[in-house]
Amino acid sequence: TSPPPFSTSRLARHLQKEAQSQHNNSEFTEDQKKTIAKIATCLELRSAALQSTQSQEEFKLEDLKKLEPILKTILTYNKEFPFDVQPVPLRKILAPGEEENLEFEEDDEEGGAGAGSPDSFPARVPGTLLPRLPSEPGMTLLTIKIEKIGLKDAGQCIDPYITVSVKDVNGIDLTPVQDTPVASRKEDTYVHFNVDIEIQKHVEKLTKGAAIFFEFKHYKPKKRFTSTKCFAFMEMDEIKPGTIVIELYKKPTDFKRKKLQLLTKKPLYLHLHQTLHKE
């Protein structure tokens, strides 16, 4: 497996900032900024390919190598860009730490309640699911199928996906964070996923007070970023085989579970099915 592509995404973020800079003293023309933004998109694609568990890489190493001469000659480059990609600022990319400065937007039935994760995230290519861990004698592994989520405006959500994380009582990650692929279908009040999440720790090794979080995210074209709409969580005593339906809470995600506000009084929930595997 490849190491996490920190350098690729960090460089992408740096280039995106340069491409989005509005300063008059920028040494780049608008066309050059567009090219830089396209290179940044390619780097994001490469970063996503490295993190993907699928075998076919969408953006290969040899593709990446074609970008080097363009970057080196950026001030004089005037050929057609070799890849058909959109330049970012198509989606707003935020550097770590910038997220907290965004104001939470108040949608009807969504209010900023409690401190937790920021409302907006760097645009990531969803679909970073991990395979099941090897079994160990006497240990239990958990598979959670995310079936569907009920939302009053489900049909209007753009590119919806769910980020799954396992946090301890202080909101610290206990396992790698996983994103589902974009939802398989939408209808009036449901977004359907039908996707299995393999929890990356044996159930017996999860610390007391831990919880599994599900953050529903969707793309907001007007604001050009991916936003958390609501979240849900499951605590350790809820881990049991079969179907479970859990409540949805208003953003921002409160990983410490201190200030929880239900998203709606309507009977809309996250529908899950749990399977426990024990040797």
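## Leucine 270 and the core around it

In this predicted model, leucine 270 touches quite a list of residues beyond its neighbours within four places in sequence: Ile146, Lys148, Ile149, Ile162, Phe214, Ala232, Ile244, Val245, Ile246 and Leu248. Leu270 also belongs to the largest nonpolar core, a set of 31 residues, where Ile146, Ile212, Phe214 and Leu270 have the most contacts inside the core. The elements giving two or more residues to this core are S2, S3 (161-167), S6, S7 (211-220), S8 (225-235), S9 and S11 (269-278).

There's a second, separate core too, with 16 residues, including Ile36, Leu43, Tyr77 and Phe83.

## The open sheet

Now for the strands. Five of them make an open sheet, running S5-S6-S2-S11-S9 with antiparallel pairing. At the edges are S5 (185-186) and S9 (242-247), each pairing on one side only.

Zoom in on S2 (residues 140-150) and S6 (residues 190-198): these antiparallel strands are joined by 7 bridges. Isoleucine 149 stands opposite valine 191 in S6.

## The cysteines

How many disulfides does the structure hold? The count is 0. For cysteine 157, the closest cysteine sulfur is in cysteine 230, and the two sulfurs are 8.4 Å apart, so they're too far for a bond.

Is cysteine 157 buried or exposed? It's buried, with a relative accessible area of 2%. Cysteine 42 is buried as well, at a relative accessible area of 0%.

Notes: Residues are numbered from 1 along each chain as its sequence is written. This is a predicted model: local features need pLDDT of at least 70, side-chain atom pairs count only at pLDDT 80 or more; totals for chains, interfaces and linings use all residues. Side-chain values use heavy atoms; hydrogens and water are left out. Two strands pair if DSSP finds at least two bridges between them. Helices (H or I, at least four residues) and strands (E, at least two) are DSSP runs, numbered from the N terminus. A disulfide is a pair of cysteine sulfur atoms within 2.5 Å. Buried means under 20% relative accessible area, exposed over 50%, partly exposed in between (1.4 Å probe, protein chains only). A nonpolar core is a set of buried Ala, Val, Leu, Ile, Met, Phe, Trp, Tyr and Cys residues joined through side-chain atoms within 4.5 Å. Contact means heavy atoms within 4.5 Å.
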